[in-house]
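Trainee: I have not looked at this structure before. Could you take me through the terms used for it, one question at a time?

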Amino acid sequence: MAGVALTPSLAELAPRAAGGAPLRLAVAGAGRQGRAVLQELQQIEGAEVVAVCDTDAGRLERATRRARGLRGYASVEELLDGESELEALVVATPTHAHRGPAEAALEAGLHVYCEAPLASTVEDSRALAARARASERVFAVGLLARANPIYALARSFHRSGTLRELVSLAARDHRKTSWRNPVSDPERQERLDWRLDPALSLGLAGELGTQQFDVFHWFLGLYPVSVRGSGSVRVHEDGREVADTAACELAFEDGLRLHWEASLGNSYEGRLEVLRGSMASFELAWTHGWMFKEAEAPTQGWEVYANRQTFHADQGITLIADATKLAAQGKLEEGVGLPHPPLHYALARFVAACAGEGEVHCGAEEGHRSTVVGLKASEAVTSGETVEIPPELLEVR
Amino acid sequence: MATRFELVLEAQESAGPRALADEVFEELRRREACWSAFEPSSVVARLNREASTGWVAVDEETFLLLAEARRVFEESGGAFDATVGALMEGFALRGEGARGEAARDELKTPWGCGDLLLDEGRRRVRFARSGLRLDLGGIAKGRALDLAVELLRDHGVERALIHGGTSTVVGLGAPLGEPAWRVALGPGPAAPVALLHDSALAVSRALSRRGPDGGHLIDPRHGRPLARESTAAVVAPRASTADAWSTALCVAGEACPALPAELAALRRAGAADASWRPLSAELGAFQFPAASRPPESLQRA
């Protein structure tokens, strides 16, 4: 069936807590991402979320409102002081505020999962990655493609030569949202709307693009050498300076190009990545994925039984993790689509790694490299210029 | 939920309310992603796949929703049952190809919310019988609206109207100068009117044959589609309560056990074909008799 021998079983990703005791975690940041983290951690056997912190009282109250036994703190410092039996911290604070909590947690001897991008400057990212490398604790960066079973399946096909010569790369992240928080207090608004602050925000390219650029870094084992960008406010004419629509072209050394675009003004096509090769293409959409083969590409035996979907003039083979097992059970159709949101797999790998079971999906050094690419893309969009990405910037010293 | 949600907010300018609306709809989408039986990565889909073979940990909100569904099942004498998913599929009551063949013999498929086991201490769920399938369609939309209203209140909103698919609507506060939001159950001046002030209205209906607007209710007490036409509207402090109990009333009608005291009264305004069922001096619900025409889409009167 569909590349089963190369596919990580979904069951292998379920963590098993060492000695039966769940891992005691806390979450720093109770905004949208922090609450998503809380929701997923509650569903992972072997994880017990004991506390959350946020400097915003309203967000903290929302996060703890119905969560039984979840203790709330107004800062990371108070949380670390108040939770003597904590074992790990998930950092879901704003990007420019990642380094402080992550380093404090490492200093306190905790394992750390830090959302991506790792930091808002190359210096902070490098410093944090170095600190993580020097620590004996588990450190994971929230670049989710590397934990995604569908992406892992596609990558295994790519590494076995299915695409043949790479022709072009593309990615899109289209959403219909303002990025603005509905707050009436101006001081609170300024704090919560950090994504719209040109002094703090990495814009669409940094905040969103970093995740997608990392897909290609992981597939190719390569990083771009330069990036050019552009951006403008197309829809949300509310006085903002941060572009609500942006595009980048990332150039790799061999001439390969990644075309990326993102917008907060239109949701058509959502979020996806495309790798085009001379014999096949992948379209990856985080919870679903498809392979499109060229007419002259050799046919594999398993393809006869593969689940297919038609998109206008193309027919795609649906990428299904655990396809052989499901096909043997006559449940191949049920395998279409990931059984958990992408965030779940990354957190589950982290929890397992903290219990001594396996490795994290993305460590500090890979996280730093992709963060640098995101930072440079952000710079390119803001300046409208081509920005070089020297390889030495990607190193963690 | 696969339905259209609409939010009415009063505001002096648009940027702030627009941002709030974004957040509300994002919350609704998050709930759909979590509770839809049709999303492969939803918690409900995962429970349907795994809970027959062992305990499954769920998030707090999902656990609370299931606990409420279980409670309504018990209080309604089984007229509301969140485990009829397999029956819905078996009788093809979902989607555009739904047939609702009432003539089909009882399916050999398990259902029964009594087999939904909840471990409150560890927030885990298990099915006591293999093959059980959750379908939270009769309560999840209401709960999602409750959480949306909670979000509005968190942001200081005192006046708003929000509905999902015109069958469940919440009136937060009242329009300026009015005592309540007025929601008509049907067209014309004689249509009954619900007055909503920090309360929710839900309407459920069943047609004996599947049509474009309904006819998709299972009678969980007998394990087959409801054979008679029926419509019920309930007003309650919370949308999840109204949602679930409108389904229960639609199914069981007069045979439904005593409804919980929190259900609030509907004010009738010259209703010609809807009967008022008093539960106490202040509480009641509308029950439309079988011969009556089902209400059209809700409209503000």
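Trainee: Which residue in β12(B) stands opposite Ala200(B)?

Mentor: Ala236(B) stands opposite Ala200(B). Before we go on, note that this is a predicted model, in which local features need pLDDT of at least 70 and side-chain atom pairs count only at pLDDT 80 or more, while totals for chains, interfaces and linings use all residues. Residues are numbered from 1 along each chain as its sequence is written, and chains are lettered from A and ligands numbered from 1 in the order in which they are written.

Trainee: Why is β12(B) called mostly covered?

Mentor: Seven of the seven residues of strand β12 (residues 230-236) of chain B are buried. A residue is buried if 20 or more other C-beta atoms, placed from the backbone, lie within 10 Å of its own, exposed if 12 or fewer, and partly exposed in between. Both faces of β12(B) are covered, with Ser230(B), Ala232(B), Val234(B) and Ala236(B) buried on one side and Thr231(B), Ala233(B) and Val235(B) on the other.

Trainee: How do you know whether Arg224(B) is buried or exposed?

Mentor: Arg224(B) has 20 C-beta neighbours inside 10 Å, and therefore counts as buried. Arg224(B) is found in strand β11 (residues 224-225) of chain B. The C-alpha atoms of Arg224(B) and Ala239(B) are separated by 26 Å, the two residues being 15 apart along the chain.

Trainee: What makes β2 and β3 of chain B edge strands?

Mentor: Three strands of chain B form an open sheet in the order β2-β4-β3, with antiparallel pairing. β2 (56-57) and β3 (116-119) each have a single partner strand, so one side of each is left without a neighbour in the sheet. Four bridges join β3(B) to strand β4 (residues 124-127) of chain B, and Asp119(B) stands opposite Arg124(B) in β4(B).

Trainee: Which strands stand at the edges of the six-stranded sheet in chain A?

Mentor: The order of that open sheet is β3-β2-β1-β4-β5-β6, and the pairing is parallel. The edge strands are β3 (71-73) and β6 (139-142) of chain A, each pairing on one side only. On average, neighbouring strands are turned by 25° against each other, direction ignored. Strand β1 (residues 23-28) of chain A is joined to strand β4 (residues 88-91) of chain A by four bridges, and Ala26(A) has Leu89(A) as its bridge partner in β4(A).

Trainee: Why are α1(A) and α10(A) called roughly perpendicular?

Mentor: The axes of helix α1 (residues 32-41) and helix α10 (residues 342-354) of chain A come within 10 Å and cross at roughly 65°. Angles of 65 to 115 degrees count as roughly perpendicular, under 35 as roughly parallel, over 145 as roughly antiparallel and the rest as oblique. The two helices are therefore roughly perpendicular to each other. Their contact is made by Ala36(A), Val37(A), Glu40(A) and Leu41(A) of α1(A) and by Leu343(A), His344(A) and Leu347(A) of α10(A). Contact is called when C-beta atoms, placed from the backbone, lie within 7 Å.

Trainee: How many residues of α1(A) are buried, and what covers them?

Mentor: Seven of the ten residues of α1(A) are buried, among them Gly34(A) and Arg35(A). The cover includes β1, β2 (47-53), α2 (57-64), β4 and α10 of chain A.

Trainee: Which residues of α3(B) and α6(B) meet?

Mentor: Glu68(B), Ala69(B) and Val72(B) in α3(B) meet Ser240(B), Ala244(B), Trp245(B) and Ala248(B) in α6(B). By class, this contact has five nonpolar, one polar and one charged residues. The axes of α3(B) and helix α6 (residues 239-252) of chain B come within 11 Å. α3(B) also lies across β3 and β4 of chain B, at about 130° to β3(B).

Trainee: How many residues of chain B are in contact with chain A?

Mentor: 22 residues of chain B are in contact with 24 residues of chain A. On the chain B side, α1(B) gives the largest share, eight residues.

Methods: Axes fitted to C-alpha atoms, helices over the stretch in contact; angles between N-to-C directions. Contact = placed C-beta atoms within 7 Å. Pairing = 2+ DSSP bridges. Nonpolar A, V, L, I, M, F, W, Y, C, P; charged D, E, K, R; others polar.
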